[in-house]
Amino acid sequence: MNNKSRIFFMLAAVVVSQLSAQKTSKTEILSGIESGCDYMQKTMLDKEGKSRCDYNMMQSAWEPYEVAWHTGQAINALLDGYLITNNKKYLNKAIQAGNWWISLEIKDHPKLNGMIKSTHGAEMGETIVYSTTTDGSAGLFKLWRVTGNKKYAQVATNAGKWLYENNFEPVSGLSYDCIDPVTGEVQKNWSLFWPDRKIQSLNDVARPNAEGSLFLDMSRFTGDEKFKQWFINQCDVMVRTQSENGLWMRFTPNDTTNMSIHPRFNLWYAEALMDGYEITGDKKYLEAALKTARYHQQMQQKNGTIYYRNYADGKNPDIESVTGSAVSFSGILWLRLLKAGAGKEFEKSIEKSIQWVLLNRFSVSHPDPNLRGAFIDSRLKDRKTGIWMVNRDIGTIFGVRFLSDYYNYYYKK
């Protein structure tokens, strides 16, 4: 074991290796939902309602990262918890977060009006990123459905229209990833996602970008069928560009240079494909989602863990970063396939994952109040400035979503 791994296993939660095959009780599921929502409402979202994102355990400090995306995801999870528990604190925090999210709407730029300031952060700086908007939007449409307030869905719809009108590449059906926040220009020839590639192809700067099923939600909100067709077209592109193993290796954040696989990226596309299957009944979308689900079942370790860095060429995963969000997101997809009548093969994996999620949480009496009750999702890097080790908000976010889906499938009357 290298030094990074030693440090991680000394300081982070211990992954439990013995998991029961019995179905998890309603009481345990409800307790997990409530503790996760409590953590989001009290600790993870700040006074404005936005997510604090990554908690640096070495520095005892929060670090923002793709805040619009993380906040939109948190709204989604909080509303799941609210609809099960009827705890108004979760709804009120989701509303506060939604108000922050729509405050990002751009109204004073000659080219960007209607878009939101969905900046990426970190190595991407203030670059506006397509998927930061789209995958952050699902919570806003859910907030509209729960509260009846149209403003949340309207801002997300305006941003979706802007993206289609400006970022869509009609020949390939892909959409460009990045937008310059100063000039408003779409980056069509070079992307910061690949800073070391001096010459970049279309697949380096554009993707199917269907995360969040934004266009489908726009159709449901407005009643405009053209948005639904835009979404179906995205599903067709995803089927066409999917590798036989169920992944989308030609697009970032997967990387064909070292055959590394991002632990959630492919699941987002599979989730969107399930939306496509449900509105069309076309089994090609179901079959494509099944391929992804089966690959992630293979990626999962016997004890339930999914690590951050996996490899499509068969190399062992890097074990220093434990990605709880991928365990939960895989479970969300497996449950959805089970609900669709095509997922019986995933039942044992669902149960293994639900117990893993419940077991691998920071204690509510943890000495660091920023970690009390958090679900694990760790990233560890060895930088020149020292070890960088964080626990990410998405472990709790996807954990609550997964627990909520499990509750609704098995226990909701």
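The model is predicted. Its largest nonpolar core contains 122 residues, and helices α2 and α15 cross at roughly 150°. An open sheet is formed by four strands.

**Nonpolar cores**
- Within the largest nonpolar core, the residues with the most contacts are I29, M40 and W101.
- Helix α3 (residues 67-85) supplies the largest share of this core, 10 residues.
- Leaving aside residues up to four places away in sequence, I29 touches T24, I354, L358, L403, Y406, Y407 and Y411.

**Packing of α2 against α15**
- The axes of helix α2 (residues 26-44) and helix α15 (residues 394-410) come within 9 Å.
- Their crossing angle is roughly 150°; angles over 145 degrees count as roughly antiparallel, and α2 and α15 are therefore roughly antiparallel to each other.
- The crossing of α2 past α15 is left-handed.
- On the α2 side, the contact is made by K26, I29, L30, G32, I33, G36, C37, Y39, M40 and M44.
- On the α15 side, T396, I397, V400, L403, S404, Y406 and Y407 take part.

**The four-stranded sheet**
- The strand order is β2-β1-β11-β10, and the pairing is antiparallel.
- Strands β2 (61-63) and β10 (378-383) form the edges, each pairing on one side only.
- From one strand to the next, the twist averages 30°.
- Strand β10 is joined to the antiparallel strand β11 (residues 386-392) by six bridges.
- S378 lies opposite N391 of β11.

How values were computed. Residues are numbered from 1 along each chain as its sequence is written. This is a predicted model: local features need pLDDT of at least 70, side-chain atom pairs count only at pLDDT 80 or more; totals for chains, interfaces and linings use all residues. Side-chain values use heavy atoms; hydrogens and water are left out. A nonpolar core is a set of buried Ala, Val, Leu, Ile, Met, Phe, Trp, Tyr and Cys residues joined through side-chain atoms within 4.5 Å. Buried means under 20% relative accessible area, exposed over 50%, partly exposed in between (1.4 Å probe, protein chains only). Helices (H or I, at least four residues) and strands (E, at least two) are DSSP runs, numbered from the N terminus. Contact means heavy atoms within 4.5 Å. Two strands pair if DSSP finds at least two bridges between them. Axes are lines fitted to C-alpha atoms, for helices over the stretch in contact, and angles run from 0 to 180 degrees between N-to-C directions. Angles under 35 degrees count as roughly parallel, over 145 as roughly antiparallel, 65 to 115 as roughly perpendicular and the rest as oblique. A crossing is left-handed if the near helix is turned anticlockwise from the far one by less than a right angle, and right-handed if clockwise.
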